[in-house]
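This report is meant to be read beside the sequence and the coordinates, which are shown next.

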Amino acid sequence: VAAGEILVREPGYGLYLLSPPQDWVANSNERSIVLKAVHGDCSALLTGDAGEKSERMLVANWDEFLDSDLLKLGHHGSNTASCGEFLEQVSPEYGLISCGRNNRYGHPATEVLERFDQKAVQLCRTDVTGTLELTSDGRRWQLQPVWWQRSLGEYRSEWSSLTEKWK
């Protein structure tokens, strides 16, 4: 697969592969798959580990098609991603940062958080909430922590299973 392919196109749904181009020469992070998902009036840009080099290429190649309600920040919110030009073009209302709590890389980067704050983008972070579930009814996105959907008993059972394996 390569950039420009339409993976799904049905009435009200679309999944578009924006990156990497077939001839793209870059490190593995910059070769991350970037997808745009569309459901009705909702759109999300999912950037994998893409960094600034990929973002600049995306702006040059996709321009206004990048405009999305929700942006999954590249490279866990590191300072090598979410450059100003890219953020301006995507113009998201919501940002999703997938990173572990107290990770050794310090993700997300303070300057990235400040950049999103200046644009009044609402951020959701897995280091704060844990696993998140993203759903859409075609009119709006809903993002909620997975733990809201599970009982305490389910977590205790799962935790017991895990701790047995570690013994």
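## Basis of the model

This is a predicted model, in which local features need pLDDT of at least 70 and side-chain atom pairs count only at pLDDT 80 or more, whereas totals for chains, interfaces and linings use all residues. Residues are numbered from 1 along each chain as its sequence is written, and side-chain values use heavy atoms, with hydrogens and water left out.

## Fold and burial

The protein contains 5 helices and 9 strands, taken as DSSP runs numbered from the N terminus (H or I of at least four residues for helices, E of at least two for strands). Their order along the sequence is β-β-β-β-α-β-α-β-α-β-α-β-β-α.

Of the 167 residues, 39% are buried, where buried means under 20% relative accessible area, exposed over 50%, and partly exposed in between (1.4 Å probe, protein chains only). Among contacts (heavy atoms within 4.5 Å) between residues at least 6 apart in sequence, 54% join residues at least 24 apart.

Leaving aside residues up to four places away in sequence, Leu66 touches Leu18, Lys36, Leu45, Leu58, Val59, Phe86, Gln89 and Val90.

## Surface

Leu7, which lies in strand β1 (residues 6-10), counts as partly exposed because its relative accessible area is 40%.

## Cysteines and Gln142

How many disulfides does a search of the whole structure find? The search finds 0 disulfides, a disulfide being a pair of cysteine sulfur atoms within 2.5 Å. Cys99 counts as buried because its relative accessibility is 9%, while Cys124, at 23%, counts as partly exposed.

Gln142 belongs to strand β9 (residues 141-145) and is partly exposed, with a relative accessible area of 36%. Beyond residues up to four places away in sequence, Gln142 touches Glu133, Leu134 and Thr135, and its C-alpha atom is separated by 10.0 Å from that of Leu132, 10 residues apart along the chain.
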